[in-house]
Amino acid sequence: MGRPMAHDQAAIVGIAESEYVRWGQLTRCTEYQLALETIVAAVADAGLTMDDVDGFASFSSDRNEFAFVATDLGVPEVRWAGTTWIVGGGGACAAVAEAARAIATGAARCVVVYRALAMGQFRRFGRPLTGDVQRLRPQDAALGFALPFGLFNATVGMALLVRRHMHLYGTTTEHLGHVAVTFRRHANRNPAAVMHERPMTLADHAAAPRIVDPFGLFDCCLETDGACALVLVAPERARDCPHRPVYVRAAAQGSGPRYGGGAWAMQYMPDDEYATGNTRRLARRMFASAGISPGDVDVAQLYDHYSGMVLLQLEDMGFCARGEGGPFAASGALAWPDGALPTNTAGGSLSEAYIHGLNHVVEGVKQLRGTAVNQVRDAEICAVASGSGIPTSALLLRR
Amino acid sequence: MSLFPPEMPRPAITDDTRPFWDGCRRHVLLVQRCTRCAAFRHPPSPVCWQCRSFDHEWVASSGRGTLFSYAVVHRAFLPSLAGCVPYTVAVVALDDAPGVRLVSNVIEAAPETLAMGLPLEVVFEDVSADVTVPRFRVRRT
């Protein structure tokens, strides 16, 4: 069998994050400037210069196209640029994987992965996608079977999956609360987190206004303005960089049967597939190709657009048995420092910021550098997974 | 009575999906069936995802189904929906078209009375002069 990923043939050597603020609070500059600043900072963090950069990767049709970024930053020659077809926030890990592949194949020598997302300057993701009937692609026809009924954002789509999970396995809203409260505690120790100064208890979680039942307000991720960037080079070059290299051990991407663009608009997956995060198959492939088992993972960064979806992804990734996500979270397993699998150690999308999951990769790198604010002791392997319930991707990082 | 205000998105209709919506206009719930392998499919597609045949027919469903999953929307995501919340978005499995689920709404039922597997039946709502959408209510017959 061919290997889906060239193991350890690329290393993440630079990372940067902009300030994270609530949507609309980024007023000092444009989203584009935020992207440029963050890329400059990531390259500097890697101990490199723009003359070294020759590749760019992003995802979710990032507005800040590489061609303009490279021009404005004076990159002498772009040898490779890529963006993944994996949908929306499912693409964060895939973008890193594409960059790693470009390095491994020699297509590029130094690739910057970036994502800038200032919802306040464009569109809040919680707002409905109301469709544009002028441009009829296959996707628009499919949306015609969702939007008129009020299935017009991810909150509704993921609530449907989680409701089914509750029905099948006895998952409760309190289980969801354990996810949200645990990640909030992590954010409370992270000065960069939007929810840094906002403690939350299970009672607060339970008392929150309902948004789309079974989700209350604190089951839903933040809507923020911010940007992230990472720099990848080959391992032999990484050894000369100032920070401990973090290697891309394995990566996988894909989608299960009948998912379409994802549960935010389509609900046609087979019964056996329905109450999952669409991460099962790719996780199996990824762990098998890496020669690593879920039990070897020291710290995880999972996609928490909604608290309940973390439970489904925990099961998909093999961190607990199917249907056991709720009790696993309630056991304290996700909590830093003593949980069996400290997860979303910076606070995640629920409490740090929503940078479409690229901040999850950055936090994974920090954990393996040993510089995380909630540092898991001697962390060697970090699993990162991107958007669940949609076509998606995942990474295994090692130091 | 209309469930949603006129601002609610209307279905985008292509030649691939038009027969379904034309059926709704006539208050008939049509489901696509492959004429080679007899598999039902929804949403409409030019090709059978099980046997790859492009030959198909449109079959009238009884409109009876069961509640497969549901979400109760409390937040008015559009300002014009303020008077409509809470409403229920439902995934309905059709009785006579194995494997087919529809995204729709359950109407005339309080959210707390809903349960998985609840028997439902289709009702058609003419939302404009040229668009009709299928919704579901708790089965009466």
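A nonpolar core is taken here as a set of buried Ala, Val, Leu, Ile, Met, Phe, Trp, Tyr and Cys residues joined through C-beta atoms within 7 Å. In this predicted model, the largest such core has 184 residues, and those with the most contacts inside it are A:Val111, A:Leu230 and A:Leu232. Helix α3(A) gives the most to this core, with 10 residues. In soluble globular proteins, nonpolar side chains tend to be buried together.

The surroundings of A:Leu232 can be listed. Leaving out residues up to four places away in sequence, A:Leu232 touches A:Ala10, A:Ala11, A:Ile12, A:Ala99, A:Ala100, A:Ile103, A:Val111 and A:Val113.

β5(A) pairs with strand β3 (residues 55-58) of chain A in the parallel sense, over 3 bridges. Within that pairing, A:Phe56 has A:Val112 of β5(A) as its bridge partner. With strand β8 (residues 224-233) of chain A, β5(A) pairs in the antiparallel sense over 9 bridges. There A:Arg115 stands opposite A:Cys228 in β8(A).

**Helix contact in chain A**

The axes of helix α3 (residues 92-104) and helix α14 (residues 358-369), both of chain A, come within 8 Å and cross at roughly 60°. The two helices are therefore oblique to each other. On the α3(A) side the contact is made by A:Ala92, A:Cys93 and A:Val96, and on the α14(A) side by A:Leu358, A:His360 and A:Val361. These residues divide into 5 nonpolar, 1 polar and no charged.

**Chain A against chain B**

Between the chains, 32 residues of chain A are in contact with 28 residues of chain B. On the side of chain A that touches chain B, the elements giving two or more residues are α4 (138-143), α5 (154-169) and β6 (210-213). Of these, α5(A) gives the most, with 6 residues. The residues on this side of chain A divide into 19 nonpolar, 7 polar and 6 charged.

Strand pairing also crosses between the chains: 2 bridges join β6(A) to strand β4 (residues 64-73) of chain B, and the two strands run antiparallel. In β4(B), B:Val72 stands opposite A:Asp213.

**Backbone features**

A:Asp213 also takes part in a cis peptide bond, to A:Pro214. A:Pro214 is found in the loop between β6 and β7 (215-216) of chain A.

| Cis peptide bond | Omega |
|---|---|
| A:Asp213 to A:Pro214 | about 15° |

Positive phi values occur at two residues other than glycine: A:Ser60, with phi near 55°, and B:Ala38, with phi near 70°. A:Ser60 is found in the loop between β3 and α2 (66-72) of chain A. A:Ser60 is buried, because 21 other C-beta atoms lie within 10 Å. B:Ala38 has its place in the loop between β1 (29-34) and β2 (40-41) of chain B. With 12 other C-beta atoms within 10 Å, B:Ala38 is exposed. The C-alpha atoms of B:Ala38 and B:Glu57 are separated by 9.4 Å, and the two residues are 19 residues apart along the chain.

Definitions and conventions. Residues numbered from 1 in each chain as written. Chains lettered and ligands numbered in written order. Predicted model: local features only at pLDDT ≥ 70, side-chain atom pairs only at ≥ 80, totals over all residues. Axes fitted to C-alpha atoms, helices over the stretch in contact; angles between N-to-C directions. Helix = DSSP H or I, 4+ residues; strand = E, 2+ residues; numbered from the N terminus. Parallel < 35°, antiparallel > 145°, perpendicular 65-115°, else oblique. Contact = placed C-beta atoms within 7 Å. Nonpolar A, V, L, I, M, F, W, Y, C, P; charged D, E, K, R; others polar. Pairing = 2+ DSSP bridges. Buried ≥ 20, exposed ≤ 12 C-beta atoms within 10 Å, placed from the backbone.
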